[in-house]
Amino acid sequence: MRFEVWAPLAQDRVTLRLEGSTHALMRDPERPDWWTGDAEAAHGARYGFVLDGRDGPPLPDPRSLRQPDGPDGASAVVDHDAYTWRTPWPGRALTGASVLYELHIGTYTREGTLDAAAERLGHLRDLGVSHVQLMPLSPMPGRYGWGHEGASPWAVHEPYGGPDALKRFVDTAHEHGLGVVLDVVHHHLGPSDNHLAAYGPYFSNSSYVSDDPHLSDGPHAPWGAAANLDGAGSDEVRAYLIGSALSWLRDFRIDGLRLDAVDALRDTRACHFLEELSTAVDELATQLDRPLFLVAESGRNDPRLITARTSGGLGVHAQRNDDFHHALHTALTGEEQGRYADFAPAPLAALAKTLTAAFFHDGGHSGFRGHRHGRPVDRVRTPAHRFIGHAQSHDEVGNRAQGDRLSASLTPGLLACTAALTLTAPFIPMLFMGEEWAAGTPWQFFTDQPDAERAEAVRRGRTREFSSHGWDADGIPDPQDPATLERSRLNWGEPQNGHHARVLDWYRTLIALRRSQPDLCDPDLASVRVAYDEAGRWLAFRRGDLRIAVNLAKEPAEIPLLGGRARVLAAWEPVEAPGPDGTLHLPPESCVVLGPLQ
């Protein structure tokens, strides 16, 4: 088989060490700084590269498809043709009827493996979601973590089961009719067990900087080197990251990629990395004759991200709408710290704006940021399904000091209202694992960092950050404590019992309604109409012939609805349809979906 590696920092030789044998690679005359050679190697064979005869163990292959002993160990040969796919799959595109479900393999089941998660996919089929979205799977330091610190972006974390287990998971998901989305990280690679810099200029001169408290020993500190997307050698770095993305879609039959924190990508080139990536993905979709898509996480509120390349945009297919989350969270909880401060003065007004305009911050001043933020969305030309709406995700739950879900503080009635707003909004809804049954388990930040110094820095940073917000330092979970991981695993005994079962049934009802009612899949943002009462804490909105109303107050609400007589399609508590005067009498902390009389 052919072995090859881009190694511009190699001075005079690159050696392949393969299962105890040594093979000299030659410079590729057609590709500068590439070294190639042929050697007999079977599926699973261990190998690595030595640059200029340096001492120490061989370095892992930057394009390694498997790291059996972790990101710092030897690479292993993977023959993709050795796996026989069971399920013919035409693909599953993102549409207005789509519902995403985000899960973390390590905590979705007690076993924490891809095979164990695959055994639970029948639950998602019965729930009615269309796609399962996996948090990052690349090899990470230690046995477990969130996955965003991976240093081998072509491989699958071995404790999860490795590449063959991912193929089995995707195969099983497709058997259930579920598409699969994978979270990938391009703006930085993990600082631990990262050998790419020995090969070439994979990184810029600066580090990726985050103000997330779990990432650093204090705010705005580095968490791994930033990818070199615009400096010398960046053509190959971009090809490396894009090649990884295409491999997930082609070789593992993934349906779409969720791009982590694209606003952290540092790229000053005329053709942005995301434009190049979206072009390559669209071309691959044509070659494979099945739909493929990209979903971006971005806090920039710039609609050019999801605008077609032919219209001057970057061509990403959808993006997460954090403003919808922040407005909804503030309306439900009353929290006003940090990023919620801009939404807190009038949360229902903010929520109403996001339901009709997608972004709350669309060019106005953000007090949290101290400057104007965002750009308006063209509601006529931009389909609503270009946005992902959610009430909870790994970010919003896991980045709380205690990792507490909404179910830890909200009543079942308010959780039902949360579901109604998320699953009937104009955007593609995304659920976070366990949300559908009001899971009683938290989801906390956990690491298994073998580097003691870095582990202590993460621990200190998280404690310091949350202590400054008034949390008791002794009560902040230690990310390195295995009990933190254990607390975060889902309890699969909950969904069949008490209020958990009732909430689960409500989610199933709303998802079925979304899939059966064309008005709930309508991409027209401009047609959405909203009414609300900030003091009365109720909000109602109209999508075609359907009307959705929520009462977040502890008292009954009288909600004036226009548009003629209606019938109840789904309700959390028993409620009568509006009378001739159009007034809806909605019980406290309750919600309803109304349709036209037949």
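I start with helix α9, whose buried residues pack against α8 (322-333), α11 (412-424), β20 (529-533) and β21 (538-543). Before going on: this is a predicted model.

α9 runs over residues 347-357, and nine of its 11 residues are buried, so the rest of the structure largely encloses it. The buried ones are Pro347, Leu348, Ala350, Leu351, Ala352, Thr354, Leu355, Thr356 and Ala357. Just after the helix comes alanine 358, with a positive phi of about 70°.

Now to α8, one of the elements that α9 packs against. α8 has 12 residues, and from its first C-alpha to its last it reaches 16 Å, close to the 16 Å expected at 1.5 Å a residue.

At its start, a side-chain oxygen of asparagine 321 comes to within 3.2 Å of the backbone nitrogen of aspartate 323. After the helix comes glycine 334, which has a positive phi, near 75°.

Moving to a strand: threonine 36 sits in β5, residues 34-38. Is threonine 36 buried or exposed? Its relative accessibility is 12%, and the cut-off for buried is under 20%, so threonine 36 counts as buried. Setting aside neighbours within four places in sequence, threonine 36 has contacts with Arg2, Phe3, Glu4, Leu25, Met26, Asp28 and Arg31.

Last, the cores. The largest nonpolar core has 149 residues, and those with the most contacts inside it are Leu124, Leu134, Phe169 and Leu257. Taking leucine 257 from that list, and again leaving out neighbours within four places in sequence, the residues in contact with it are Val181, Leu182, Val184, Ala245, Trp248, Leu249, Phe293, Leu294 and Val295. There is also a second, separate core of 12 residues, which includes Ala540, Ala566, Val575 and Leu594.

Technical notes. Residues are numbered from 1 along each chain as its sequence is written. This is a predicted model: local features need pLDDT of at least 70, side-chain atom pairs count only at pLDDT 80 or more; totals for chains, interfaces and linings use all residues. Side-chain values use heavy atoms; hydrogens and water are left out. Buried means under 20% relative accessible area, exposed over 50%, partly exposed in between (1.4 Å probe, protein chains only). Helices (H or I, at least four residues) and strands (E, at least two) are DSSP runs, numbered from the N terminus. Contact means heavy atoms within 4.5 Å. The expected span of a helix is 1.5 Å times one less than its number of residues. A polar contact is a pair of N or O atoms within 3.5 Å; within protein, one must be able to donate a hydrogen and the other to accept it, and residues adjacent in sequence count only if both atoms are side-chain atoms. A nonpolar core is a set of buried Ala, Val, Leu, Ile, Met, Phe, Trp, Tyr and Cys residues joined through side-chain atoms within 4.5 Å.
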